[in-house]
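I open the notebook on this model and log what I look up, entry by entry.

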Amino acid sequence: MNKPLIAAALSGAFAIAAHAQSSVTLYGLIDAGITYTNNQGGHSAWQETSGSVNGSRWGLRGAEDLGGGLKAIFVLESGFGINNGALKQDGRLFGRQAFVGLTAEQYGSLTLGRQYDSVADYLAPLALTGTQYGGTQFAHPFDNDNLNTSFRINNAVKYQSANYGGFRFGGLYGFSNSTGFANNRAYSVGAAYSYAGFDVAAAYLQLNNDVNALALATTDPGAVAGDWTFAAARQRTWGAGVGYTYGPATAGFVFTQTRLDDTQAISAAASGVTGGITGLSGSTRFNNYEVNGRYALTPSWSLAAAYTYTDGRLAGASPSWNQFSLQTAYALSKRTDVYLQGEYQRVSADGLAIGASINGLGGASSTDRQVGVTAGLRHRF
């Protein structure tokens with residue numbers, strides 16, 4: 001073999017090896033459906049919807065092998081509405097996730113950017129609102145505990161451990177990125193353990209001076225801005241859950257509590273009320289109790305159901321919510337499935353001017369009850 005041919009062969013081998021050490025993957029999910037609501041502002045509604053279960057998104061995921069079990073990683077993920085093509089997450093290009101970092105097989109990962117908090121990472125998978133078996137419309141009132149990730153954390157540094165015999169843990173800190181160091185910063189911690197069909201998890205999230213003036217909702221550079229749920233001086237959310245899987249059946253229970261100091265408003269997106277619910281004051285509390293289960297009738301056909309009871313303290317009143325949710329889904333392939341799901345919510349408003357409002361339907365009921373039914377199609381790529 002002559003020297004030029006040897007050189008060409010070696011060059012090709014090195015190119016293949018270099019390519020094998022790094023990768024970039026394009027991925028996504030599209031969730032489109034037709035939704036009927038019995039009451040939105042006093043009228044029934046038929047709507048084409050996006051993300052009734054899982055928010056439509058596309059993204060880029062990459063990794064580079066640095067040797068010795070160490071990798072550089074990144075994720076850029078954009079949320080959009082399939083019904084109109086508009087960007088979600090307050091119009092951000094990569095509003096769902098945007099981070100870069102390092103990961104090691106033995107020690108876990110350290111990442112920087114816009115990321116999910118520990119409640120979403122560890123506790124949400126035990127509640128149907130945090131999974132493909134219910135998602136957006138199964139969320140607790142106003143998604144007050146962020147199990148359905150109504151917001152992400154900006155300016156975040158996050159550590160997630162490796163899996164140590166089924167035990168995982170992690171934490172996050174979101175900088176305010178302003179001279180007022182404590183204003184609009186966030187931190188969270190969480191852990192989960194899996195063994196012999198049992199899953200347990202617990203997590204805590206705190207937003208300090210979250211959005212303590214409504215003007216900060218879109219202009220503040222802090223940990224939560226633009227896609228805020230509550231305007232309050234401080235938000236503290238904690239919870240725990242347990243699940244058990246036996247063969248094709250899974251059952252679970254999740255409890256969460258959210259406390260707000262100096263509450264001012266609930267956003268329009270979270271409340272389903274045009275302009276949001278404003279003029280609030282004092283402290284606010286939500287206790288959420290969710291019982292859920294799912295069953296695989298066949299490898300392709302699943303059933304899932306949840307009941308959530310929420311008791312609250314809001315604007316000096318004691319409202320409560322009851323929501324029943326049911327979903328059935330059938331997989332046409334590994335990447336495509338169809339689903340049918342429905343929700344019924346009833347609110348005891350205790351004198352407050354609020355109606356029932358199922359998350360993601362786009363409008364609150366003019367009465368204390370609301371029903372939503374969605375038939376949809378999901379495709380993953």
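I sorted the lining of the second largest pocket by class and got 11 nonpolar, 10 polar and five charged residues. For the classes, I count Ala, Val, Leu, Ile, Met, Phe, Trp, Tyr, Cys and Pro as nonpolar, Asp, Glu, Lys and Arg as charged, and the others, Gly among them, as polar. This is a predicted model: local features need pLDDT of at least 70, side-chain atom pairs count only at pLDDT 80 or more, and totals for chains, interfaces and linings use all residues. Residues are numbered from 1 along each chain as its sequence is written, and side-chain values use heavy atoms, with hydrogens and water left out.

I then looked up the volume of that second largest pocket, which is about 370 Å³. Its lining has 26 residues, and the closest to its centre are Q132, Y133, P299, S300 and S302. Elements that give two or more residues to this lining are β13 (249–261), β15 (284–296), β16, β17, β18 and β19. The largest share, four residues, comes from β17.

My terms here: on a 1 Å grid over the protein atoms alone, a pocket is an open set of points with protein on both sides within 12 Å along at least five of seven lines, and a cavity is a set where a 1.4 Å probe fits but cannot get out. Lining residues have an atom within 4 Å of a point. Grid points are joined across faces, edges and corners, and a volume is the space filled by probe spheres set on the points. Strands (E, at least two residues) and helices (H or I, at least four) are DSSP runs, numbered from the N terminus.

**Cavity.** How many cavities of 30 Å³ or more does a search of the whole structure find? I find one. The largest cavity has a volume of about 40 Å³. F138, A139, H140, P141, T308, T310, W321, Q323 and Q345 line it. β16 (301–313) and β17 (320–331) are the elements that give two or more residues to this lining. By class, the cavity lining holds four nonpolar, five polar and no charged residues.

**Strand β1.** I traced the partners of β1 (residues 22–40), taking two strands as paired if DSSP finds at least two bridges between them. β1 runs antiparallel to β3 (residues 57–67), with eight bridges. L29 has R57 of β3 as its bridge partner. Nine bridges pair β1 with β19 (residues 369–380), also in the antiparallel sense. There, G33 stands opposite G376. Seven bridges join β1 to β2 (residues 43–50), again antiparallel. A32 stands opposite S50 in β2. The hairpin of β1 and β2 has two residues between the strands, and G41 takes a positive phi near 65° in it.

**Positive phi.** Most residues other than glycine have a negative phi. I logged two residues against that background. N155 has a phi near 55° and lies in strand β7 (residues 153–160). N155 counts as partly exposed because its relative accessibility is 24%; buried means under 20% relative accessible area, exposed over 50%, partly exposed in between, with a 1.4 Å probe and protein chains only. D350 also has a positive phi near 55°. D350 lies in the loop between β18 (336–348) and β19.

**Nonpolar cores.** In soluble globular proteins, nonpolar side chains tend to be buried together. I define a core as a set of buried Ala, Val, Leu, Ile, Met, Phe, Trp, Tyr and Cys residues joined through side-chain atoms within 4.5 Å. The largest has 23 residues, of which L123, L147, F151, I153, L207, V224 and V254 touch the most other members. α2 (118–123), β7, β9 (185–195) and β10 (198–208) each supply at least two residues. β10 gives the largest share, four residues. Another core of 15 residues lies apart from it, and includes A232, L260, L314 and I354.

Q97 sits in strand β5 (residues 97–104). Q97 counts as buried because its relative accessibility is 14%. Not counting residues up to four places away in sequence, Q97 touches V75, L76, E77, R114 and Y116, where contact means heavy atoms within 4.5 Å. Q235 sits in strand β12 (residues 234–246). At 1% relative accessibility, Q235 counts as buried. I also checked Q235 against T149: they are 86 residues apart in sequence and 15 Å apart in space, C-alpha to C-alpha.
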